[in-house]
Amino acid sequence: MIIQAPWLARLGDLLRQHAKAIRTLQWLVVGFYLTLLVIPAFLDLPPAQAGMLDNLTVLAQFIFWGLWWPFVLLSMIFFGRLWCGVLCPEGSLSEWISWRGLNKRTPRWVRWSGWPTIAFILTTVYGQLISVYDYAQAALLILGGSTVAAMLVGFLYGRGKRVWCRHLCPVSGVFALLARLAPVHYKVDEQRWLENREPHLPTPNCAPLIDIRRMQGNADCHACGRCSGQRGAVQLSARSPNAEILIVGGQRQGEHWDSTLLLFGMIGLAMGAFQWTVSPWFIALKQAAAEWLVDRDIFWPLEANAPWWLLTHYPQANDAFTWLDGAAILTYIFGASLLIGGALWLLLRAAVRVMRRGDNVFQHLALALVPLGGAGLFLGLSATTVKLLRYEGFLLAWAQPARAALLIGAIAWSLYLAWNVISRHGGNGLRRLLAFACVNAGCALVGYGWWLQFWGW
């Protein structure tokens with residue numbers, strides 16, 4: 001359902017008309033980003049009593065992990081991928097250097113649709129092993145490494161295009177899923193485009209490599225506004241936040257990777273990554289493994305001699321992972337991904353089987369869990385926000401009720417979407433109820449996992 005809002009169309013046009021001002025803003029963001037990323041990595045570790053107002057490293061930690069990442073994720077749900085198109089420093093640098101690069105043809109292996117899922121998994125796991133949320137060196141390695149890779153890809157491929165952002169960025173897949181929920185999008189009237197009506201604007205440079213005429217939805221659109229008003233057929237419009245999932249569904253190329261990323265990455269893997277530091281199950285796993293090793297006189301896994309770029313190693317802060325710690329973290333995170341993601345996969349498959357439908361309906365039904373996946377990521381990342389603010393003396397008594405409201409709201413939203421997807425694909429009567437019960441069980445499992453982290457343990 002499209003909602004007429006002329007002021008939104010004008011806003012989209014303003015983004016196109018003020019491209020120079022946006023480029024200036026992008027360079028300001030790049031400077032701010034590099035300052036907070038690079039300088040703290042070369043400073044001494046902050047003392048235990050350091051606060052964000054008197055220590056640049058602590059301030060940078062709060063900005064990156066307490067504000068930047070959780071609220072970038074939240075922005076996807078409200079504004080689509082506006083962050084990608086207007087503010088992201090990686091995208092800006094990649095596009096800038098691509099104009100000065102080799103302009104090679106993008107090879108087929110780069111365009112493989114599975115890279116965003118693989119990159120998200122590897123980046124998330126590696127970040128946990130080197131404590132990316134806690135140490136500036138680790139943040140520089142992961143975020144800075146990603147930025148260098150983005151610029152290298154931009155230098156090699158795609159003159160004026162964001163090949164990295166479209167095919168390789170570790171959070172591109174996550175952003176594409178969350179942006180489906182945004183209540184605004186650039187609506188394209190393909191018939192009007194073909195008729196080539198006024199105004200005749202310069203052909204836009206679509207940096208994320210989208211066929212604008214056939215564009216449906218927000219998944220790949222960077223919401224930069226460059227195509228706004230093109231041929232009188234493109235305008236920023238309001239819509240129901242449910243529209244893209246219910247109507248467009250799983251029609252995007254590579255949709256099986258979307259469901260894999262959602263179930264096993266955004267929900268399963270992310271829960272394990274956020275949960276292991278507070279989980280008694282992780283402690284029990286590590287203790288059992290340590291006892292087994294000691295009983296057999298195997299002591300090298302209990303040594304904390306790995307370099308900091310492989311496993312957390314900051315003895316001056318009394319924080320150094322043993323090889324056993326690293327193995328236990330990997331086991332717990334991947335175990336959570338397989339157990340939770342696998343359970344969701346089986347339950348959704350069961351729902352589709354009850355409905356006597358095929359794989360396309362499975363992919364569509366999986367998208368109903370996007371609100372729950374997005375809420376989980378925000379809950380996990382904002383835990384750092386709450387922790388750092390409490391270190392500064394803020395009580396934040398509202399944090400737990402807010403978490404509960406967010407989790408309950410996300411579950412309700414996902415169930416609403418699932419009920420409608422089931423209905424759209426012919427589920428009725430007992431079959432509809434059984435299929436919906438499978439989705440309910442999946443949402444209950446995820447809700448229980450987050451309940452354990454914030455209330456149960």
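Which residues of α6 are buried? They include Pro116, Phe120, Ile121 and Leu129. This is a predicted model.

**Helix α6**
- Helix α6 covers residues 115-129.
- At 1.5 Å a residue, its 15 residues should span 21 Å. The end C-alpha atoms are 21 Å apart, so the model agrees with that expectation.
- Ser131 follows α6 and has a positive phi, near 55 degrees.

**Helices α13 and α14**
- Helix α13 spans residues 280-295, and its axis comes within 10 Å of the α14 axis.
- The two axes cross at roughly 135 degrees. Angles over 145 degrees would count as roughly antiparallel and 65 to 115 as roughly perpendicular, so α13 and α14 are oblique to each other.
- The crossing of α13 and α14 is right-handed.
- On the α13 side, the contact involves Trp281, Phe282, Leu285, Lys286, Ala289, Ala290 and Leu293. On the α14 side, it involves Leu324, Asp325, Ala328, Ile329, Thr331 and Tyr332.
- The residues of this contact divide into 10 nonpolar, one polar and two charged.

**Ser98 in α5**
- Ser98 lies in helix α5, residues 89-98.
- Its relative accessible area is 0%, so Ser98 is buried.
- Leaving out residues up to four places away in sequence, Ser98 touches Gly154, Tyr157, Gly158, Arg159, Gly160 and Lys161.

Definitions and conventions. Residues numbered from 1 in each chain as written. Predicted model: local features only at pLDDT ≥ 70, side-chain atom pairs only at ≥ 80, totals over all residues. Heavy atoms only, no water. Helix = DSSP H or I, 4+ residues; strand = E, 2+ residues; numbered from the N terminus. Expected span 1.5 Å × (residues − 1). Buried < 20%, exposed > 50% of the residue type's maximum accessible area, 1.4 Å probe, protein only. Axes fitted to C-alpha atoms, helices over the stretch in contact; angles between N-to-C directions. Parallel < 35°, antiparallel > 145°, perpendicular 65-115°, else oblique. Left-handed = near helix turned anticlockwise from the far one by under 90°. Contact = heavy atoms within 4.5 Å. Nonpolar A, V, L, I, M, F, W, Y, C, P; charged D, E, K, R; others polar.
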